[in-house]
Amino acid sequence: MKSLIKILAIAVVLVVVSCKKDTAPNYQFMPNMYESAGYETYGEAAFPNGVEAQLPAQGSIARGFIPFDIDNTTEGYNLAKETLKSPLDSTQVDLVTGKELYNIYCGICHGNKGNGQGNLVKREKILGIPSYDDAGRAITEGSIYHTIYHGKNAMGSYANQLNEEERWQVVSYVLKLKADLEK
Amino acid sequence: MKKSYQSLEVNLTNNMRKVIHRKLSINILRLGLIILLAFTTSLSAQEGDSVKGKSLFNANCAACHKLDKKMTGPALRHVEVRLASEGLDREWIYAWVKNSSAVIKSGDAYGNKIYNEYGKAAMTPFPQLSNADIDNILAYTAEEKKVPAVSVDTAAVSSSSSDSSSVSNEIILGALAFLFMLLVIALYSVKKTLRRFAEVHNIELENSTEKTPLWKVIIKNQFLMIVVAIFFLLSSAYFIYGYLSQIGVDQGYQPVQPIHFSHKIHAGDNGIDCKYCHSSARVSKTSGIPSLNVCMNCHKSVSDYNGETTIEHSKEFYDGEIQKLYAAAGWDDADQKYTGESQPVKWVRIHNLPDFAYFNHSQHVTVAGVECQKCHGPVEEMEVVYQHAPLTMGWCINCHRETDVNVKDNAYYTKIHEELSKKYGVDKLTAAQMGGLECGKCHY
């Protein structure tokens with residue numbers, strides 16, 4: 001009988017110790033102080049598709065955003081290539097910011113020097129990234145901006161990761177890399 | 001015949017130029033060299049070097065073409081045979097690669113058909129590729145698809161060997177458990193036989209009840225009783241305090257996510273910056289869970305996994321997870337098109353501050369320049385992400401006390417920084433001295 005009690009006690013201790021589960025969150029003291037009453041970012045919400053992150057009403061324009069009217073087509077690309085110019089003047093171009101953003105978003109494929117030898121290319125995950133001094137493409141500031149905004153071929157759009165000003169800073173930095181490559 | 005004559009001519013002029021640069025004086029040798037070179041290159045114009053072709057293909061074509069799969073452009077394996085059945089020869093391919101839009105404008109039927117079929121995306125002109133380069137690329141595309149028999153074999157061998165190792169581990173453990181059981185049974189039976197012996201030989205067994213048990217001694221002695229009570233109270237207080245202070249702390253929380261996204265592969269092996277996906281950490285309160293179009297930036301091209309695998313996470317497992325992503329994003333990989341039937345992925349949030357504490361990512365990432373790993377730990381080594389830091393108030397405050405603020409090149413605040421330094425009598429201000437301990441900074 002005594003030994004049975006001992007065995008039971010050991011079993012209880014083992015069960016309590018092994019009960020700590022990492023896949024479930026811990027208890028909270030006062031859940032209604034911990035959990036937000038309002039909708040939390042990316043949370044669930046009482047909308048038809050059940051998510052908090054809703055698309056803005058069609059046609060609405062967020063404060064500080066200027067719509068980009070050039071289409072995501074080959075014609076649009078050519079139009080941008082020939083006509084679109086950077087709104088940044090020489091004093092507003094910030095190559096330090098441009099470099100920082102370029103290395104985060106573009107360098108992984110295009111290479112930090114713009115020669116098409118980024119880490120993903122070296123590891124043969126993504127192939128065929130052109131160098132910026134590619135003669136057949138002959139990129140201009142307008143075509144670079146159009147490509148960042150809409151993407152091109154296998155490249156996706158970066159419009160949601162960079163805002164308008166940041167996109168133009170990256171364009172300036174890409175032009176600098178292109179000039180360096182052509183030296 | 002005509003073709004080889006033309007290429008001969010081109011090669012002749014090319015080589016002539018080169019040779020003139022070298023300024024060889026002996027005319028006969030030069031002519032002989034030209035003829036020899038022209039002959040060899042015109043030979044290779046027929047055959048092409050598939051090794052060179054592969055590197056040219058990877059550098060120039062692979063952005064839009066794969067060998068066996070439709071991408072931005074059509075799959076290119078055996079493209080020459082396919083085009084030959086359309087009645088198009090190598091000259092057409094040369095013209096198309098060097099300037100496809102000119103071919104389309106000339107009203108070429110097949111060119112226009114392809115142009116319209118692939119969403120009117122014009123192929124980039126490649127004037128820098130010579131005919132010999134294109135021959136090499138065509139030689140590469142004409143290669144038969146390699147059946148990955150060898151790699152399958154080695155994979156099977158390696159997996160079976162790793163399987164066998166885990167199996168042998170289990171066998172060893174089982175055998176040990178069995179031995180242990182045998183030992184227990186043996187000891188028990190030895191005890192039993194000894195007792196029986198004692199009974200048979202009329203040896204009196206020691207009676208354990210004659211001794212006063214320990215708890216009775218303690219109850220009789222008041223001093224011992226108090227000591228034990230104090231010890232018991234203190235230790236239970238210690239454990240209760242420990243239990244209560246870990247409530248609401250999720251350190252080590254490691255939920256299972258709906259799509260197995262390995263930060264080790266993405267941020268570690270491939271070296272993708274944290275802010276590539278979590279881009280809003282730079283500019284907003286939340287670090288941002290990337291929408292699926294960010295995944296598709298790369299996974300349009302990367303449809304299968306070719307890196308290291310383990311028994312738990314095999315290539316099939318990872319490929320299946322990429323298929324889950326395609327299903328959620330509504331991407332039809334065979335047709336290379338979005339179907340428009342997407343569905344949100346229900347990621348499980350790991351790091352979650354209580355509602356009464358305010359935390360802003362941009363303040364820490366952009367303004368202070370704190371590394372992501374400082375709070376989130378070595379995420380680039382985590383196959384499955386867990387919460388690294390306790391995220392308690394003490395932990396926050398500790399960092400605010402220790403961190404020196406970078407006040408350099410911040411002209412707007414120079415004066416107040418100087419005055420604060422004078423007030424505290426320090427050279428370097430910490431976040432705490434700048435008001436990082438004010439209650440209202442985080443609780444309001």
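Two residues are said to be in contact if their C-beta atoms, placed from the backbone, lie within 7 Å. With that idea in hand, we can turn to how the two chains of this predicted model meet. On one side of the interface stand 49 residues of chain B, which are in contact with 37 residues of chain A. Several helices of chain B take part: α3 (50–61), α13 (274–277) and α14 (292–299) each supply at least two residues to the side that touches chain A. Of these, α14(B) provides the largest share, with five residues. Sorted by class, the residues on this side of chain B comprise 27 nonpolar, 16 polar and six charged.

Next comes chain B taken by itself. Its secondary structure consists of 21 helices and two strands. Chain B has 444 residues, and 16% of them are buried.

How confident is the predictor in chain A, as a mean pLDDT? The mean for chain A is 85, and 95% of its residues reach 70 or more. Within chain A, confidence is lowest in helix α1 (residues 2–18), where the mean is 70. Helix α4 (residues 95–105) of chain A sits at the other end, with the highest value, 92.

By class, the contact of α4(A) with α8(A) has six nonpolar, four polar and three charged residues.

The last topic is the nonpolar core. In soluble globular proteins, nonpolar side chains tend to be buried together. Here, the largest nonpolar core has 57 residues. Which of them touch the most other members? They are A:Tyr145, A:Val170 and A:Val174. Helix α8 (residues 164–182) of chain A gives the most to this core, with seven residues.

Methods. Residues are numbered from 1 along each chain as its sequence is written. Chains are lettered from A and ligands numbered from 1 in the order in which they are written. This is a predicted model: local features need pLDDT of at least 70, side-chain atom pairs count only at pLDDT 80 or more; totals for chains, interfaces and linings use all residues. Helices (H or I, at least four residues) and strands (E, at least two) are DSSP runs, numbered from the N terminus. Ala, Val, Leu, Ile, Met, Phe, Trp, Tyr, Cys and Pro count as nonpolar, Asp, Glu, Lys and Arg as charged, and the others, Gly among them, as polar. pLDDT is the predictor's confidence in each residue, from 0 to 100. A nonpolar core is a set of buried Ala, Val, Leu, Ile, Met, Phe, Trp, Tyr and Cys residues joined through C-beta atoms within 7 Å. A residue is buried if 20 or more other C-beta atoms lie within 10 Å of its own, exposed if 12 or fewer, and partly exposed in between; C-beta atoms are placed from the backbone.
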